[in-house]
Amino acid sequence: MASRYQQVYQSWKNDPEGFWANAAEAIDWIKPWDKVLDPDAGTYGRWFTGATCNTAANCLDRHVAAGRAEQAALIYDSPVTGTKKSYTYAELTEEVALLAQVIADMGVSKGDRVIIYMPMIPEAAMAMLACARIGAIHSVVFGGFAAHELATRIDDATPKAILSASCGIEGSKVIAYKPLLDAAIDQARHKVGSTLILQRPMAEASMTAGRDTDWTEAVEAGRKAGRKADPAEVAATDPLYVLYTSGTTGQPKGVVRDNGGHMVALKWSMDAIYGIKPGEVFWAASDVGWVVGHSYIVYAPLLHGATTVLFEGKPVGTPDAGTFWRVIADHKVAALFTAPTAFRAIKKEDPDGKLIGKYDLSSLRTLFLAGERADPDTIRWAESMLSVPVIDHWWQTETGWTIAGNPVGLGQLPVKYGSPTVAMPGYDIQVLDDAGHPVERGKLGNIVVKLPLPPSCLPTLWKADERFRNAYLDEFPGYYKTADAGFVDEDGYLFIMARTDDIINVAGHRLSTGAMEEVLSAHKDVAECAVIGAADSMKGQIPCGFVVLKAGVNRPHDDIEKELIQLVRQEIGPVAAFKTAIVVDRLPKTRSGKILRGTMRQIADGEEYKMPATIDDPAILDEIGAALKGRPRA
Ligand code: COA
Ligand code: AMP
């Protein structure tokens with residue numbers, strides 16, 4: 001089938017507002033919009049101003065009313081607990097309405113924030129939808145973040161309540177969440193008066209009287225009393241959620257997602273980009289703590305009337321590298337969406353794909369990859385093992401959906417390894433040099449998107465318009481800075497090559513080396529430090545820290561390195577995967593004192609590097625090379 005991509009992209013270019021108004025017909029609005037785009041509202045314009053709606057009702061009640069009551073909405077598959085459980089649209093609607101009332105009874109109302117700190121269990125998705133139902137703004141914090149990171153988010157979001165569970169399960173380990181939650185609440189300046197705690201049998205949490213409510217007891221009491229919350233009417237421009245993501249400092253950025261535009265773009269994407277029809281099974285093997293989980297475990301499949309799979313497990317070790325194939329076969333998954341790192345992990349355990357043959361994968365039509373650059377080796381391996389198209393696509397927490405992709409629903413375009421393909425409707429992607437001039441095709445530059453950003457993209461950062469303008473809009477006036485560098489080839493295919501800031505991508509998880517440097521600098525013996533992202537054959541990148549000690553410190557380096565590793569784990573969390581700290585005598589710098597992190601990374605990766613012309617003392621580069629010898633490396 002010839003792709004309709006060009007025609008559809010052109011139709012958006014010719015009439016962007018008409019394009020999105022048309023897509024918005026697929027959503028139930030309580031009140032229609034006054035303007036599709038109000039260019040004067042917000043920091044760069046707002047979508048669907050004047051409209052009112054409810055996201056949870058569009059995800060749930062609407063499908064029940066339209067005849068999908070008995071269709072599976074959510075399938076929970078948890079190899080770590082040996083559980084498989086399916087919720088129909090009618091059941092999920094009921095559970096969400098009950099939970100929404102419990103949250104409302106905790107004093108949460110429209111516009112209030114609620115933090116959700118939970119493992120991958122159905123109640124996490126219910127919690128998000130329950131907030132959406134009453135117009136509360138959820139902020140999900142990934143379970144792999146430590147108490148300090150959670151406390152930072154509590155202080156920024158100032159939630160009325162926190163929803164959590166007693167524990168998460170990471171492979172064979174049970175991770176108690178409640179002590180982390182208690183520590184975060186203690187640390188935070190903003191005092192949270194009420195929490196709802198789901199007790200899991202693997203590690204029961206001790207409850208704090210007057211603050212902690214037992215989740216199950218509260219929901220069951222509501223069920224008995226028949227207390228369910230109705231969907232609230234919210235403005236299309238009201239925030240649905242705030243999702244914190246790594247910025248260039250230890251202070252994470254609160255990405256705001258609105259209700260209306262988010263629904264329109266996500267609903268459109270399910271058919272056009274993923275080629276999924278309502279009623280089919282879609283599986284995003286991610287975590288609700290990340291944007292992929294928000295968009296493609298919870299909201300998009302449900303907005304579309306599809307069935308979503310919520311998987312509590314890992315690609316390997318739960319119990320083996322065949323677990324993904326087992327889930328596809330058991331639930332007849334039509335499309336799988338995951339990060340390349342998951343496939344690298346599987347490939348490492350089962351390079352010949354012996355486990356694949358054990359399962360019937362005939363339901364699977366497409367594998368989608370995102371979250372980090374999809375390396376050609378991984379794509380080729382997945383293609384040959386699964387015999388389905390493997391589609392890379394590029395997006396960010398900030399956008400909530402694809403910036404550049406290969407829209408299989410519109411007809412797949414030829415795949416070029418290493419490229420996420422082409423700009424999606426809504427995105428006018430350009431590549432500019434540092435002075436803001438367009439670069440020639442094939443030349444590397446800053447990838448930017450012409451304003452306004454399409455529906456679903458962040459209108460601003462939570463309570464930080466100025467930071468939003470500073471971080472994204474000021475450097476290239478009239479454009480959104482993606483902070484990714486890359487190029488467009490002669491066929492219009494985009495290639496994403498590197499970040500232009502200090503963000504690194506570790507196992508598909510977005511982390512800030514700046515934030516890690518802040519933690520290392522706080523150690524009493526450290527004078528200065530640099531953290532780089534070194535190449536890793538499984539996780540893509542892993543952080544590696546170099547520290548210079550204060551004069552006069554003569555403790556064993558080994559002890560200090562261990563303390564530093566522990567400190568990052570304690571302050572940021574295990575997700576940082578910070579396992580290498582190296583004490584060095586000096587850091588390589590330019591004559592003006594700028595640390596040469598790029599060159600250090602090249603040395604760590606064994607790449608050829610050019611001696612920076614401005615280097616202060618070239619001998620230091622050899623010292624860095626020597627310090628890396630014998631260290632754990634990919
Ligand atoms: N709660 C608590 N701890 C968590 C956690 C969570 N939700 N998620 C990860 N961690 C911990 C891990 O247990 C590990 O701890 P350890 O240092 O004690 O071993 C640490 O954080 C690092 O985790 P991770 O980077 O995930 O490494 P891993 O070796 O456990 O697993 C992969 C590696 C590749 C299998 C795994 O990262 C993966 O499946 N990645 C896919 C990424 C993804 O879905 N990204 C979302 C974007 S699409
Ligand atoms: P996150 O906000 O966690 O989704 O991370 C976004 C960043 O991950 C992007 O800015 C890119 O640097 C990187 N990224 C995501 N998807 C891709 C992809 N398909 N190819 C290359 N880089 C990607």
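Predicted model: local features only at pLDDT ≥ 70, side-chain atom pairs only at ≥ 80, totals over all residues.
Reader: Why is the pair E398 and R510 called a salt bridge?

Author: Glad you asked! The closest N and O atoms of E398 and R510 are 2.9 Å apart. The cut-off is 4 Å between a side-chain nitrogen of Lys or Arg and a carboxyl oxygen of Asp or Glu, so the pair qualifies as a salt bridge. The count between domain 1 and domain 2 is one salt bridge.

Reader: What makes K314 a polar contact of ligand 1?

Author: A polar side-chain atom of K314 is 3.0 Å from an oxygen atom of ligand 1. The limit for N or O atoms is 3.5 Å, so this is a polar contact. As for the ligand's cover, the protein takes up 85% of the 940 Å² of accessible area that ligand 1 has on its own.

Reader: And how do you know that G143 is in polar contact with ligand 1?

Author: By the same test: a polar backbone atom of G143 lies 3.4 Å from a nitrogen atom of ligand 1, and the limit is 3.5 Å, so the pair counts.

Reader: Which domains supply the shell around ligand 1?

Author: Domain 1 (5–313 + 393–486) and domain 2 (507–628) each give at least three residues. In total, 22 residues surround the ligand, with E170, K173, K314, K539 and R569 the closest.

Reader: What is the area buried between domain 1 and domain 2?

Author: About 1100 Å², with carbon and sulfur atoms giving 50%. Here 16 residues of domain 1 are in contact with 14 residues of domain 2.

Technical notes: Residues numbered from 1 in each chain as written. Chains lettered and ligands numbered in written order. Heavy atoms only, no water. Near = heavy atom within 4 Å. Polar contact = N/O pair within 3.5 Å; in protein donor to acceptor, adjacent residues only side chain to side chain. Areas by Shrake-Rupley, 256 points an atom, 1.4 Å probe, with all protein chains shown as cover. Domains from an automatic or database assignment. Contact = heavy atoms within 4.5 Å. Buried area = accessible area lost by both parts, 1.4 Å probe.
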